[in-house]
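Subject: Structure handover

Hello,

Here is the structure I promised to pass on. Please open it first, then read my notes below.

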Amino acid sequence: MTLTFYKYQGTGNDFVIVDNRQHIFNKNNTKLIAFLCDRKFGIGADGLILLENHPEHDFKMVYFNADGNESTMCGNGGRCIVAFAEFLQLIKYETTFEAIDGLHYAKIENGLIHLQMKEVDTIQIFDTHQFLDTGSPHHVQLVDDLATFDVKNQGRTIRYGQPYKEAGTNVNFVKQIDQNTFAVRTYERGVEDETLSCGTGVTAVAIAMHKTGQTNASEINLNVEGGQLKVAFSKEEDTYKNVMLIGPATQVFKGEITC
Ligand SMILES: N[C@@H](CCC[C@H](N)C(=O)O)C(=O)O
């Protein structure tokens, strides 16, 4: 078959997006998804996203990692699918859509996508790191030498180690730049490599840095390898609410592939 697809990127986290409103795509074909995401034999991407119809809301997002498996929430992918929905003229300046972790509100303002993420009330704090779920699971760890840090090997060791094991986690290495700015490099589960940006990852970093007192800002800048993101939130008692992930999302090209 010939598949029409769109390539998007959000701060360098890149995705193949398919309009699946007519059920053209076989979601159970793990090999096909992994092939489409393959950078040498396929199109190349960190993940594949399907935009589908939803009975009550604007659309549904279905997310697969580059390994071909459906996974948990993707924040940058969420921002990209909002840009795609606007491109398809399904939405104008704001939307509510469903993803695997529930409903997400998003708005487009000054060319940036503001995506509401799930509330977070559980943050596990350890001597060396924090662990929390922002739609996807995230290990957050401060390091001194972020620029030269071996993210791929250290990330993989943590991802497959105790207590995460097979289910795994994404792993974020962090360096504080100033009061409300952090640099982040992320090893992504399901890509099994460092990616240039991870939306649920920077959301986890912002919340973990606030929770542990590294910052008291409620609007935090995150410098990632592929650009800059912002995370804003309000804290009510022990819950982080109104969590917004803010940044650009760009269509790179449209294509057709025989598969
Ligand atoms: N790139 C993502 C996270 C995607 C999911 C992750 N790889 C997992 O399986 O947990 C993001 O921007 O949040």
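This is a predicted model. I start with a strand pair. Strands β6 (residues 102-109) and β7 are antiparallel partners, with four bridges between them. Within that pairing, E109 sits opposite L112 of β7. The hairpin of β6 and β7 has two residues between its strands.

Q116 has M244 of β16 as its bridge partner.

Next, the domains. The chain splits into domain 1 (2-109 + 249-258) and domain 2 (123-247). Their C-alpha centres are 23 Å apart. Domain 1 puts 18 residues into the contact, and domain 2 puts in 20 residues. On the domain 1 side, helix α2 (residues 75-87) supplies the largest share, four residues. That side divides into three nonpolar, 11 polar and four charged residues.

Now the core. The largest nonpolar core holds 66 residues. Those with the most contacts inside it are V16, I17, I49, V205 and L222. Helix α4 provides the largest share of this core, seven residues.

I17 touches F5, Y6, Y8, I49, L51, C80, I81 and F84, leaving out residues up to four places away in sequence. I81 belongs to helix α2. Is I81 buried or exposed? I81 counts as buried because it has 31 C-beta neighbours inside 10 Å, and the cut-off is 20 or more. Beyond its neighbours within four places in sequence, I81 is in contact with I17, I49, L51 and M61. I81 and Q251 are 170 residues apart in sequence, yet 10.0 Å apart in space, C-alpha to C-alpha.

Last, the annotated positions. The unreviewed UniProt entry lists N13, N65, G75, N76, N170, E188, R189, G199 and T200 under "binding site". I looked at two of them.

R189 is in the loop between β12 (181-188) and β13 (193-195). R189 is buried, with 25 other C-beta atoms within 10 Å. Its contacts, leaving aside neighbours within four places in sequence, are R159, G168, T169 and N170. N170 is itself on the UniProt list.

T200 is in helix α4 (residues 199-211). T200 also counts as buried, with 29 C-beta neighbours inside 10 Å. Not counting residues up to four places away in sequence, T200 touches M73, C74, G75, T134, G135, S136 and H138. Among them, G75 is another position that UniProt lists.

Over to you.

Best wishes

Terms used. Residues numbered from 1 in each chain as written. Predicted model: local features only at pLDDT ≥ 70, side-chain atom pairs only at ≥ 80, totals over all residues. UniProt positions renumbered as here; feature names shortened; annotations may be inferred. Buried ≥ 20, exposed ≤ 12 C-beta atoms within 10 Å, placed from the backbone. Contact = placed C-beta atoms within 7 Å. Pairing = 2+ DSSP bridges. Core = buried A, V, L, I, M, F, W, Y, C linked by C-beta atoms within 7 Å. Domains from an automatic or database assignment. Nonpolar A, V, L, I, M, F, W, Y, C, P; charged D, E, K, R; others polar.
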